[in-house]
Amino acid sequence: MTDPIQSVARALGDDIATLNAISHNVANINTPGFRAEKALSGFGALLQSERPAMARDLSDGPLKQTGSALDLALRGKGFFVVERDGAPVLVRSGQFRLDVDGMLVNARGDRVQSTAGAPIALDGKSVRVDSTGELWSGGESLGSLRLVDVQEPERLIALDGGGFRYDGEFAEWHGKVEQSAVESSNVDAAAETIRLMELVRHVESVQRAISIYDKAMETGVGRIGEN
């Protein structure tokens, strides 16, 4: 038989984790390329772990046109690959610029990788980026962005400063690139509000369950005392 106290403690722990996810999502509602985090529901998710199962929402966020040739946005699932501290990091935000060495970097200064796994040198050239991620200067190809999809989204680990570490298998990328646009966060403010309301109702239900259990225990102890 399941210990009622353990069940209540687990339910409250799940609620706290969900509240943390909602708070994190809302805090990043204006962060370009941010991927919302959501709790998985259903019996299957509960079987996978004693902790609340969380998943990244990989759906597209809305686009914002910027007019900058180095602002790139992805449509469909997938990520840009940048190099950070010698390791590949997956990022969704494509607010790129050139560093002092003429290399294509993101806002954090991570160098964007090409399909060859090398940094991309533009040296101030005017570039056009087609929908496949290939960069052009006039009729000259300057290489292609390394764009990947992931087979195991649950293995995406969010990093400080944005981006994800990933140690799973990659999948072929089937999206497209939009130039002179940035992708906004895919956090849905209305959906997060509804989730928060549902969470409050669940917490209230757990509180009532605790109260009923406490009264039952009090009654049981009283009857034992009478005997």
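Select Asp-71 to begin, in the loop between β3 (63-65) and β4 (72-75), where strands are DSSP runs of E of at least two residues and helices runs of H or I of at least four, numbered from the N terminus. This is a predicted model, in which local features need pLDDT of at least 70 and side-chain atom pairs count only at pLDDT 80 or more, while totals for chains, interfaces and linings use all residues. Residues are numbered from 1 along each chain as its sequence is written, and side-chain values use heavy atoms, with hydrogens and water left out.

Asp-71 is buried (under 20% relative accessible area, with exposed over 50% and partly exposed in between, for a 1.4 Å probe and protein chains only).

Next, select Lys-38 and Asp-57, whose side chains meet in a salt bridge at 3.6 Å, N to O. Lys-38 lies in strand β1 (residues 37-39) and Asp-57 in the loop between β2 (54-56) and β3, so the pair ties together parts that are 19 residues apart in sequence. Lys-38 is partly exposed at 33% relative accessibility, whereas Asp-57, at 17%, is buried.

Then move to Asp-60 and Arg-75, joined by a salt bridge whose closest N and O atoms are 3.8 Å apart.

Note on methods: Lys and Arg count as positive and Asp and Glu as negative; His and the chain ends are not counted. A salt bridge is a side-chain nitrogen of Lys or Arg within 4 Å of a carboxyl oxygen of Asp or Glu.
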